[in-house]
Amino acid sequence: MRAAATAERAGVPAVAIGGAGFEGMGRAIGRSLGVPHVPIVSYPGVILADDTPTFRTKMRDQVAPAVVDALVAGSASTAETLPDALPDGLPSPTDVVVRGDLDAVTEHFEARGWTDGLPIVPPTPERVAAFLAHTRRDPDEVLGVLAPDQRQATVRSVAVNGVLAGCRPEHLPVLLAIAECLADPVFRVQDAGSTPGWEPLVVLSGPVVGTLDFNSGTGALRVGRRANTAVGRFTRLYLRNVAGLRIPPEHTDQGAIAGSFHVALAENDEAVARLGWPPFREDRGFGAADSVVTVQSVVTVSAPIYSGGETARDHLDALTRGMADAIGPWAYTGLEFGAFHPLLVVGPAVAAALARGGVDKDAIRAHLGEHLLVTASALQTCAWNVGSTSFDLDAKAASGELDERYAGTDPDRLVPMLQRPGDLGIVLAGNESRNQSRGFVQNHVQGVPVSRRIEEQT
């Protein structure tokens, strides 16, 4: 639909072709781009699940004639445009939309798709005002525009969704920073409904972790601490209610077998300080005294990585095996799109063992960069199965787009999963009494890490 919109604006009639089941998302994107009139022709079935003869038959007998019919029918039509104002029936940002008890309010919100399927805290004017008291910013300040609905992200809408999610008023500065990360064009929120079903992960680093009682120890990333849980839930609600990413019946979120929201991950500052390592916020370019939120995509999570042994190398090898299993041939996405930012959450005890062996964050990155390997044929096969049939590792190496580590003729040669090891994030968190770490696999240019400094509490 984005390509169709570009063609239409250039005066070239367009028809969008997609897989069956994507019509709802296509129409939503068309409306947001101002081209709701563009016809959509659906391939009957799943392209990559059909063999070549079946694919060619369907394209010849069904898809091609439908494209011609759509172009002929569309030649006499006039383009529609999006309205300049809210359509009748949509509330303004300060309207009271329902009155009643908790059950009535919940039913009203659920019927309109304004919840995540869980009970909500009613965003009464009084509750929203209590949130807004924790910022100096104008409630109507626009933080950005979120696709696919192309809706403005405002300070007020952040407060409303913070109430809905069960956050406390003092969480608002954190929530505003999250919304700014989501609205940054670099984050590519328009891809947050893609079929891999990736989910944003919020990482907090700095004094705010202690001030607002975020859990960074045992049970990190488990529901149970209100700050971590509600802030994570807010992120998913904001994508649903403001960006407009919804599962069926609306189909704007096409995550095939998608995950659900992650609770916020908080860094253990005390553990970092004991080692003398830079905290995650400094890795992201901020000062030691800053409180920083980072949002990035996570497409999969590793199994628990337990490490032990007599040397730091023993721990490094275990981390390598765990990360290699988690990433696997999905590493092709980083090589194809030129961006890949996996995140390694290292348990404090493991980090201490590494530090005693003279290993710091840069040494971890260097080791993983050298030893995270996958066969060229596995990358090629994975890319083809996903639908990236133009991906050609050999051609990229021959053209110089990838360096000499990726060159060769043997399809089963081992090549690095990480083109740039420095892009690996490292956070210290988790049970200090256990030797466990975990890896989080990021989805190339979709949801690259974006960070914002959290404004001081009022």
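This is a predicted model: local features need pLDDT of at least 70, side-chain atom pairs count only at pLDDT 80 or more; totals for chains, interfaces and linings use all residues.
Let me begin with Phe214, which, once its neighbours within four places in sequence are set aside, is in contact (heavy atoms within 4.5 Å) with Leu204, Val208, Val209, Arg225, Ala227, Asn228, Val231, Ala264 and Ala266. Residues are numbered from 1 along each chain as its sequence is written, and side-chain values use heavy atoms, with hydrogens and water left out.

Phe214 belongs to the largest nonpolar core, which has 54 residues, and it is one of those that touch the most other members, together with Val158, Ile178, Leu204, Val231 and Tyr238. By a nonpolar core I mean a set of buried Ala, Val, Leu, Ile, Met, Phe, Trp, Tyr and Cys residues joined through side-chain atoms within 4.5 Å, where buried stands for under 20% relative accessible area, exposed for over 50%, and partly exposed for what lies in between, with a 1.4 Å probe and protein chains only. Helix H7, residues 172-183, gives the largest share of this core, namely 10 residues. There is also a second, separate core of 42 residues, and among its members are Leu344, Leu379, Ala383 and Leu418.

Val202 counts as buried because its relative accessibility is 2%. Not counting residues up to four places away in sequence, Val202 touches Ile178, Val231, Thr235, Ala264, Leu265, Val293, Thr294 and Val295. The C-alpha atoms of Val202 and His262 are separated by 7.7 Å, although these two residues are 60 residues apart along the chain.

Which residue of helix H9 do I want to show next? It is Arg233, whose place is in H9, residues 226-243. With a relative accessibility of 9%, Arg233 counts as buried, and, leaving aside its neighbours within four places in sequence, Arg233 is in contact with Asp116, Leu118, Pro119, Ile120, Leu164, Ala165 and Phe261.

Leu164 and Ala165 take us to helix H6, where they are among the buried residues. H6, residues 155-165, is mostly covered, since 10 of its 11 residues are buried; these include Val155, Arg156, Ser157, Val158 and Asn161. The cover over the buried residues of H6 includes helix H4 (102-111), helix H5 (125-132), strand S3 (142-146), strand S4 (151-154), H7 and H9. Just after H6, Gly166 takes a positive phi of about 90 degrees.

Some backbone details deserve a look on the screen. The peptide bond from Ala147 to Pro148 is cis, with omega near 10 degrees, and Pro148 has its place in the loop between S3 and S4. A cis peptide bond also runs from Pro248 to Pro249, with omega near 20 degrees, and Pro249 lies in the loop between H9 and strand S6 (265-266). That loop between H9 and S6 also holds His251, which has a phi near 65 degrees, a positive value in a residue other than glycine, and which is partly exposed, with a relative accessible area of 28%. Leu221, in the loop between helix H8 (208-211) and H9, likewise has a positive phi, near 70 degrees, in a residue other than glycine, and at 27% relative accessibility Leu221 counts as partly exposed.

I will finish with the chain as a whole. Its secondary structure comes to 17 helices and 15 strands, and 47% of its 458 residues count as buried. For 458 residues, a compact globule would have a radius of gyration near 23 Å, and the 24 Å of the chain agrees with that; the radius is taken over C-alpha atoms, and the globule rule is 2.2 Å times the number of residues to the power 0.38. Along the principal axes, the C-alpha atoms fill a box of roughly 75 × 65 × 35 Å. Finally, of the contacts in the chain with a separation of 6 or more, 77% are accounted for by residues 24 or more positions apart.

Methods
Helices (H or I, at least four residues) and strands (E, at least two) are DSSP runs, numbered from the N terminus.
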